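Here is a short briefing on one protein chain. Take a look at the structure first, then read on.

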Amino acid sequence: MLLSIVLGLLFGLAGTSTSGVTVALPLLADGLGIDTAAATWMVSGYAVALAVATPVHGRLADAVGIRAPLCTGVSLLGLGALAAAFAPNFGLLMAARIVQGLGAASIPVLASALLSARTPPERRGGALGRLAGVSAALSALGPLVGGALTTVGGWRAAVALPALALLAVPYLWRRSVVRGDGARVDLVGAVIVATAVTGLVLLVQSPSAGAVAAVVGGVLLAVGVPVTALWVRARPDGFLPRGVVRNATVVRSSLCASAVPASWFALLLGIPLELAERGWTPLTTGLVLVPSAVVALGCPAASAFLQARIGPRQTLTLACATTVVGLAVAVAGVAGHLPWVLALAPMLVTLAFGTGQPAMIAAVGSAVPEDRRSSAIGVATLCFLTGAGVGAAVIGGFAAVVGLTAALALLLVLPMAGTAVQLLSGRRAGTA
């Protein structure tokens with residue numbers, strides 16, 4: 001139990017790298033002499049680094065074991081947070097945030113893989129649910145903690161919060177010994193996938209970033225996607241293992257689940273910015289999101305119950321549907337200028353995150369051989385966190401141009417599509 005709680009806290013600190021700084025973005029922008037739309041790049045850039053590096057850590061774990069990649073990643077998370085907090089300009093802050101994201105990427109995939117390796121099958125759902133619940137609770141408390149730190153010590157104090165992860169490194173070094181198989185890591189494949197993901201996020205955020213971002217993003221995406229497909233064919237055991245990416249359960253679960261963090265990151269970014277425009281302080285904005293943390297505390301039990309009663313696939317379907325409702329509530333809250341409605345929306349999406357993420361991990365982990373579980377979870381988490389980057393980019397790219405209401409309404413397409421795909425797959429499985 002202690003291991004799942006520690007890993008959940010680390011996962012949560014990785015989440016506070018977004019949720020804890022969103023309330024401080026207006027002050028950060030003023031302090032560094034940039035506008036708020038530009039400041040949102042520190043969220044989407046972090047999310048892209050997080051997404052791209054996640055499968056790298058999974059493959060490293062397959063090759064050399066879990067301990068070295070996990071402890072190195074946690075160290076980079078903490079050191080990157082410190083470097084970002086002391087950055088004298090936005091360029092250096094972005095560089096530090098990318099390092100921070102590269103390190104934080106070890107936690108989602110390796111925390112799940114470590115718990116899966118060290119927990120009996122009958123207790124695995126509960127352990128993964130506890131991991132997701134603790135991480136969601138801390139991430140949801142991030143705006144409140146970040147708001148308090150900003151009030152006391154300015155935006156730099158909020159940015160430095162994830163440095164607390166450094167305290168867990170000695171414990172992890174002792175408890176994360178899981179051997180690898182010596183397989184070679186495909187760094188070229190990682191660069192290719194990074195090209196495609198970066199292009200996608202640049203393209204999504206280009207409405208506010210300008211034509212150069214649109215052109216660069218379009219080129220990177222147009223080059224990255226076909227080259228990725230060719231590389232998977234040429235290197236079946238590479239960065240994206242062919243046996244994993246051709247597994248229908250892995251692909252469907254990963255892509256559908258990605259709608260949940262897309263919506264979650266969008267709300268964690270969009271709601272503080274909306275309230276800041278209305279004159280709310282970082283601390284009072286954080287208070288609006290406290291109920292989400294209360295919901296997150298119940299997610300481990302809810303996730304374990306749902307997976308035991310209806311299974312991982314149906315739990316993921318329910319999470320996507322709950323996300324649709326949560327985003328629709330957020331659209332109504334922004335359009336109607338109702339702060340209490342804005343407090344309800346992240347509660348629903350937090351519930352979806354806390355139940356959907358472990359359901360995705362369980363579905364993916366059971367769909368592949370045990371010796372490739374880390375790789376499969378890495379690929380799934382790549383999709384999951386790419387969704388986070390897209391969600392942040394939608395707010396950064398569209399909210400300033402068409403308004404937050406329209407940006408959130410646009411984002412509704414993702415969980416609606418995920419729900420439809422899950423329902424169709426369930427119907428086919430029932431008639432097969």
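Which helices do the buried residues of α5 pack against? They pack against α1 (2-22), α4 (41-64), α6 (90-104), α7 (106-118), α9 (155-159) and α10 (169-175). This is a predicted model, where local features need pLDDT of at least 70, side-chain atom pairs count only at pLDDT 80 or more, and totals for chains, interfaces and linings use all residues. Residues are numbered from 1 along each chain as its sequence is written, and side-chain values use heavy atoms, leaving out hydrogens and water.

**Helix α5**
- Helix α5 covers residues 67-85. Helices here are DSSP runs (H or I, at least four residues), numbered from the N terminus.
- Its 19 residues reach 27 Å from first C-alpha to last, close to the 27 Å expected at 1.5 Å a residue. The expected span is 1.5 Å times one less than the number of residues.
- Buried residues of α5 include Pro69, Leu70, Cys71, Gly73 and Val74. Buried means under 20% relative accessible area (1.4 Å probe, protein chains only).

**Helix α12**
- Helix α12 (residues 211-234) has 24 residues and reaches 34 Å, close to the expected 34 Å.
- Its buried residues are Ala213, Gly217, Gly224, Thr228 and Val232.
- The cover over these buried residues includes α11 (187-209) and α13 (242-245).

**Helix α15 and its partner**
- In α15 (residues 259-277), 17 of the 19 residues are buried, so the helix is largely enclosed by the rest of the structure.
- Just after α15, glycine 279 has a positive phi of about 95 degrees.
- α15 packs with helix α21 (residues 404-411) at an angle of about 175 degrees, and the axes lie 11 Å apart. Axes are lines fitted to C-alpha atoms over the stretch in contact, and angles run from 0 to 180 degrees between N-to-C directions.
- The two helices, α15 and α21, are therefore roughly antiparallel, a term for angles over 145 degrees.
- Residues making the contact (heavy atoms within 4.5 Å) include Ala262, Leu267 and Glu274 of α15 and Leu404 and Leu408 of α21.

**Nonpolar core**
- The largest nonpolar core has 120 residues, of which Leu7, Leu28, Met42, Leu93, Ile395 and Leu408 touch the most other members. Such a core is a set of buried Ala, Val, Leu, Ile, Met, Phe, Trp, Tyr and Cys residues joined through side-chain atoms within 4.5 Å.
- Helix α20 (residues 373-402) gives the most to this core, with 14 residues.

How values were computed:
Buried means under 20% relative accessible area, exposed over 50%, partly exposed in between (1.4 Å probe, protein chains only). Angles under 35 degrees count as roughly parallel, over 145 as roughly antiparallel, 65 to 115 as roughly perpendicular and the rest as oblique.
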